[in-house]
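Thank you all for making time this afternoon.

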Amino acid sequence: MPAHRTAPAPPRALTPQGMKRRRFLGYLIAAPTLAVGAKLVSDPFLEAEALPSPVPEVSEVYDLSDLLLDSTRPTANLITVVLNEDGTVSFTLPRAESGQGITTTAAMLIAEEMGVDVSDVHVTLADARPELLFNQQTQGSASVISIYTPVRVAAALARGRLVEAAATVLGDEAENLRTTGGRVLSTTGSSIPFAELATRAANSVTREAVTELKPVDEFRVIGTAQRRDDVLAAVTGRKKYTMDLDVPDALPTMIARPPTIKGTVQAINNRAQVRAMPGVTDVVEISTDAEPGRGTTSSAVAVRARTFGQCIDAVNALDISWGRGNVDGESDASILQQLRAAPAPANLPSPTPLDEVGGQVPLATEVVTRPLDAAGATESIDHEFVFYWRSNAAMEPNVAIADVRDGEAEIWTPSQIPISTQTQLSQVLGIPQSRVTVHVPRGGGAFGRRLFSDAALDAARVSKEIGKPVRLMWHRADECRAGRVHPMCISRVRATYTADQVVAFEQRHTSVATDYTEAFGDMITSQAAKLPFANELTLSQTVFLLTASVPYDLGAVTLGYNEIFDFDRFATGSVRNLNNQDFRPAQELVVDQLAERLGEDPLEFRLDRLEDERAQGVLEKVRDEGGWGRDLPEGVAQGVVVHNEYKGSVAVLAEVDTRPATRNREIRGATTGPRVRKVTVAVDVGLPINPLGLKAQMEGGVMTGIAHVFTGSLHLRDGNYLEGSWDDYRYTRHWNAPTEINVIVMPPSGDRPGGAGELAVGAATAAVACAYARATGEMPTSFPIGHTKDVPFRVKPFEPPLPPSPTDGLTAYPTPSAAGPAFDPAS
Amino acid sequence: MPPHTFKVNGRQVTVDVEDDVRLLWVLRDLLDITGPKYGCGINVCKACTSHINGRAFNPCSVPVGEIRPTDEITTIEGLPDTVGADLHPMQQAWIDRDVPQCGYCQPGQIMAAVDLVKKAGAEGRTVTDDDIDEIRNMCACGTYARIRRAIKQGAANM
């Protein structure tokens, strides 16, 4: 945050002396054993944040995390903690767990407040519960932020009840008792295990109760490294994902999809023949419209069989006459032309004042506080950056089990938005929502893909049509060609500077429309009156303004966003981040150029223009720990970036090796080329709950950033993407991964946790891009850089739609027989 | 439908299914052995990596008809038995390093790592960073850095 905008907020004391401890309201719930529910009556978080002044970007005062937090507040009272008779604690979390570690975090919060071992807290995932409204969405790196207080309140209520019950048994005053290791201890040395209190502490009637939370300086669990709660299950193969669940008669089901995006079935020409193939039980046409009632329609043909292998063979044996798709004829080149032809976003946004949050200021556009010098004294840098399509596919494809019979539907799918999934299912099946059950198994990655209900809708439609349960899985080819993508976009940057200062920075971002309808639509609408820019902005512009910012003082800053197409022309979404994976790299590459023009060190240039203390702290940390400026051979260079989002700050220092010996590595079928050798990350999320999980999220963000810079993209040609599997889609692999990565978790800088899942993506992408530009002496303006260089694989046919499984698996290991030569994206 | 007989994780099994059904589906859909995961079906992502007669392979690309009665298949579920312990040293290393995030690719990663270390051992050497660079197992969470450290730890204890 630039100096003229924000007075540095003093670091909030972790244990304010003399501050009255806040009391929280909750419920003691009538149940056979102790059960409590938490209600979040008020939250001082926003009030406690010093309002920056005078001219913040919107995201600096009210960002996406705030929106998500405000939306969950009214229903947080429905979170419950139960103590079982064996002394273990059960908690059903209304979130998805897709690898981000939120169940482990929740267990830690409960263990902290109750005084029980983390391993004795069992967290499962809640079915869709429509009464939770917005409090059952997993997105925007907001889970830790939104559950932090309510989960602790529930646990604290439980602890209070245990202590009351123990006081009678132990014959001691409640205030003399403490809890630890699943026991209540008295000052006299006597103790009683929770197990013996579970029924004694139970409540016969449900009633309100108040409690206080443990002060931060007494934390013993929060802030300690805890392994994932399912690590043993994951490494032994016992962890059950949706396709591993035992649901009787739910036979494998796959789909024959059209050759172009959102195409339609005109006729199935050989249904009987395919129905007679070995193992096949059903062949049925279904709608695959993923935006029921809103968007365009598309359709496909589903096959159910004894094994998935037989599904694949049957799908490929189908003779289908296909109708036109939604974007037939469109290719990368035509989209780029339309993006460039779109009018640059106006000087956004409207002059609505920020009165809701206290600042009477225009949004995003900043007043010019320093007059531009006389003509001739300023110069400017102008660049356009192009970002191609990216896939958000996880390792576990889109999956769902569905049993739709007798006017009822039971669905298993790792949804990030189970309530929305349930609503959509109700709509397309014509079954009341109360008769649609949506179970949420743990997911094999999410990254934004599971903010859409495609697989659940597919499965339910097939099950309803044939009257049998189905186990539906997308083929990997569908993940590339029919899945959600990060939209292609361009970012135009103009920086104006004098001999010794930057006076203006404009960035105008133009994108293919992003579909935020399922992820944020209702939530934003419900909060519209509270948002500091209520009118006339699209969902996408709203999300943009809630996330985009320039962390440095670059004079007068102007940010603008607009889109081409309707939200559903393509199937778009987020890819482990929203705008900042494109927006920030474009910005940071120009910041490096500014530093060079002004003759300043790139890191010190940034540091001098940061006011936010946490941002300064992480940047200094990577400078010192990562060896900024150390001697490196020609062709190897560093890039450094700092980024604020989700109530946190992260700095990434990356070293990229572009020397010929590295670039020319030969690993058949691999993307070799330049390699990120060493990465140093420093992260400050305010209050880190589980440093181990936080480090993992940072490492993952770095791996995604590397893919964004070099080769992770989809090529659009004539109405569909060329990529048909992994290897075609070149996400970071072992051969691209840094051999040295050091993540430093900063000590607590506040009393609240921030989000982590997406935090590192934009920063890592930008840092790697900057390092590459410095190593080669040439700033890339098109990402990933390999995208326009080549299509380094043989394009798999679109008809039949699925690549057949090879048969040479006994001899083709480790390199598959179809692997081509190594690809250097920089050549 | 000819019966196919072979050994999986120390257990003799017989399945009735067409010859050309790939072994991955025989394991998962017919035998309920779900440790090996589907990730691509064309032998590029390696999520299904398992062992046949002690060496790594990808069952998504092997027709069950090519499996002989004497063949012994080991999936992640059977890996500990190969060392007569509750956990293979590579699995323990994975736990110690808290490698998994979503965990979906990790059974395949572990099976590939064990094979790699054994191969290097057969050549009379320890596993190197260059060896690890050539592992093809895909991970979309981006756990590669921890996998690298875990392989070295697991190798030291194998």
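What we have here is a predicted model, in which local features need a pLDDT of at least 70, side-chain atom pairs count only at pLDDT 80 or more, and totals for chains, interfaces and linings use all residues. Residues are numbered from 1 along each chain as its sequence is written, while chains are lettered from A and ligands numbered from 1 in the order in which they are written.

The pLDDT, which is the predictor's confidence in each residue on a scale from 0 to 100, averages 87 over chain A, where 85% of the residues score at least 70. Over residues 1-18 of chain A, however, the pLDDT stays under 50, and over residues 72-76 of chain A it is also below 50.

Now to the sheets, for which helices (H or I, at least four residues) and strands (E, at least two) are DSSP runs numbered from the N terminus, and two strands pair if DSSP finds at least two bridges between them. One open sheet of chain A has seven strands in the order S12-S13-S10-S20-S17-S18-S19, with mixed pairing, and its edge strands, each pairing on one side only, are S12 (280-287) and S19 (436-439). Within this sheet, five bridges join S17(A) to S18(A), and these two strands run antiparallel; Ile401(A) has Trp412(A) in S18(A) as its bridge partner.

Another open sheet of chain A has four strands in the order S25-S26-S27-S30, again with mixed pairing, and S25 (636-645) and S30 (740-745) are the edge strands. Here S27(A) and S30(A) run parallel and are joined by six bridges, with Val681(A) standing opposite Val743(A).

Which strands does helix H11(A) lie across? Helix H11(A) lies across S10, S12, S13, S17, S18 and S20 of chain A, and runs at about 30 degrees to S17(A), where axes are lines fitted to C-alpha atoms, for helices over the stretch in contact, and angles run from 0 to 180 degrees between N-to-C directions. A residue counts as buried if 20 or more other C-beta atoms lie within 10 Å of its own, as exposed if 12 or fewer do, and as partly exposed in between, with C-beta atoms placed from the backbone. Eleven of the 13 residues of H11(A) are buried, so this helix is largely enclosed by the rest of the structure; among them are Leu457(A), Arg461(A) and Val462(A). Just after H11(A), Gly467(A) takes a positive phi of about 70 degrees.

Lys647(A), which is not a glycine, has a positive phi of about 65 degrees, and is buried, with 27 other C-beta atoms within 10 Å. Asp32(B) likewise has a positive phi, of about 60 degrees, but is exposed, with 9 other C-beta atoms within 10 Å. A cis peptide bond joins Glu799(A) and Pro800(A), with omega about -10 degrees, and the bond from Tyr813(A) to Pro814(A) is cis too, with omega near 5 degrees.

Finally, 62 residues of chain A are in contact with 55 residues of chain B, contact meaning that the C-beta atoms, placed from the backbone, lie within 7 Å. The largest share of the chain A side, seven residues, comes from H19(A).

Notes. Contact = placed C-beta atoms within 7 Å.
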